[in-house]
Amino acid sequence: MDIQLVPHGGAVEGGPCPSTVLSWDGQALTATAISESVRVTPASLYHYAYDSGGAPVTGLAVLDADGLVMLDLPGDWDSQELHDFAEQAGIPVADGRGDPQAPALLAGRAPGWRRLHGLTPPRASRWRTPLIYGVGLAGLALMAYLISVGAWAAWRGLALAGRLLIDVVEVKWLVVAFSPLLLAIRPLQARLRRFRARKGAIAGPPGGPNLSITSAGGLRIDQGMERLADIQAAGLLLYQYEDLAGLFVMNGANEPLHHIPGPWSPDDLHRFAERNGLKLAVHRISREEYLDLVRACRHASP
């Protein structure tokens, strides 16, 4: 028996549809996405949809016997087709769309965890960076000229029209032509971020999520411009479990409040914790300890 299932849309509304193909051969589940292929024996499937920054993110998770995620397959999977596929394969499927615990479940990853986006990554072109700077400098020269002749309103109208055009053609890097100061602002922002990390004011990878402290003394978690959580935290637990790593935000009773899987710099976290009066523990943990933490944590940023 060989059956297949494919998504019908992107993980977010209007996004590109993944090329993921899920198949069952009677013994194991195989997920194929472009040049990647993963074969697993699942205990169950989890159809999820959760809110991320005001936009629903949908997908399908393949779980092991402990409820840890072996495979995360973002995309819009038809519920009836998924039900029929799971029934033929004899695999239980849970509908987690709208489940407030979906992010926490998705953050609980099994060793060897994979996320297959099923999308072709954009090709890096050698000419792209020089072209971006060339376009930005041309935009800067045009802006300076129009302002010098008193045509500030003309520049504002041109910049607005240009950004509207970019939204239509979706060539996002052209924004530097109409906002040329980004050429200077972005490097300055990156340098400021590194300075703040060295001082312990923030912690986290450059692309996020990042930790900071609010004026009220709470722990704030941000992803870019999106605020993920505000937590009254007492400590941080940086863990390593087999090939997995991540961070648990802890309360005063040493209970997990928020889980953020992924790599973190121990040095950045040490400076951040020391500056802000937080306890920091760094541990290699067992599967039992990991399961206890994951199951006790009700909030996460997967």
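Here is a short chat about the predicted model shown above.

Visitor: Hi! What kind of model is this, and how are residues numbered?

Guide: This is a predicted model, where local features need pLDDT of at least 70, side-chain atom pairs count only at pLDDT 80 or more, and totals for chains, interfaces and linings use all residues. Residues are numbered from 1 along each chain as its sequence is written, and side-chain values use heavy atoms, with hydrogens and water left out.

Visitor: What is the mean pLDDT?

Guide: The protein has a mean pLDDT of 82, and 75% of its residues reach 70 or more. The score is the predictor's confidence in each residue, from 0 to 100.

Visitor: And where is the pLDDT below 50?

Guide: That is the stretch of residues 160–178. In the model, this stretch has 26 contacts beyond near neighbours in sequence; contact means heavy atoms within 4.5 Å.

Visitor: On to sheets. What is the strand order in the open sheet of five strands?

Guide: The order is 8-5-6-7-9, with mixed pairing. Strands here are DSSP runs (E, at least two residues), helices are runs of H or I with at least four, and both are numbered from the N terminus. Two strands pair if DSSP finds at least two bridges between them.

Visitor: Which strands stand at the edges there?

Guide: Strand 8 (93–97) and strand 9 (109–115) do, each with a single partner strand, so one side of each has no neighbour in the sheet. From one strand to the next, the twist averages 20°.

Visitor: How do strands 6 and 7 run?

Guide: They are antiparallel, and five bridges join strand 6 to strand 7 (residues 69–74). One of the bridge pairs is V62 with L71 in strand 7.

Visitor: What lies across strand 5, strand 6 and strand 8?

Guide: Helix 1 (residues 79–89) does, running at about 160° to strand 5 (44–52). Axes are lines fitted to C-alpha atoms, for helices over the stretch in contact, and angles run from 0 to 180 degrees between N-to-C directions.

Visitor: Back to V62. Which core residues touch the most other members?

Guide: V62 is among them, along with L22, L29, L45, L73, F248 and Y290, in the largest nonpolar core, which has 46 residues. Strand 6 (residues 55–63) gives the largest share of this core, five residues. Such a core is a set of buried Ala, Val, Leu, Ile, Met, Phe, Trp, Tyr and Cys residues joined through side-chain atoms within 4.5 Å. Buried means under 20% relative accessible area, exposed over 50%, and partly exposed in between (1.4 Å probe, protein chains only).

Visitor: Now H259: buried or exposed?

Guide: H259 is buried, as its relative accessible area is 1%. This residue is in strand 15 (residues 256–261).

Visitor: What does its side chain make a polar contact with?

Guide: The partner is the side chain of Y239, at 2.7 Å. A polar contact is a pair of N or O atoms within 3.5 Å; within protein, one must be able to donate a hydrogen and the other to accept it, and residues adjacent in sequence count only if both atoms are side-chain atoms. H259 also touches others, including F248 and Y290.

Technical notes
Lists of a residue's contacts leave out its neighbours within four places in sequence.
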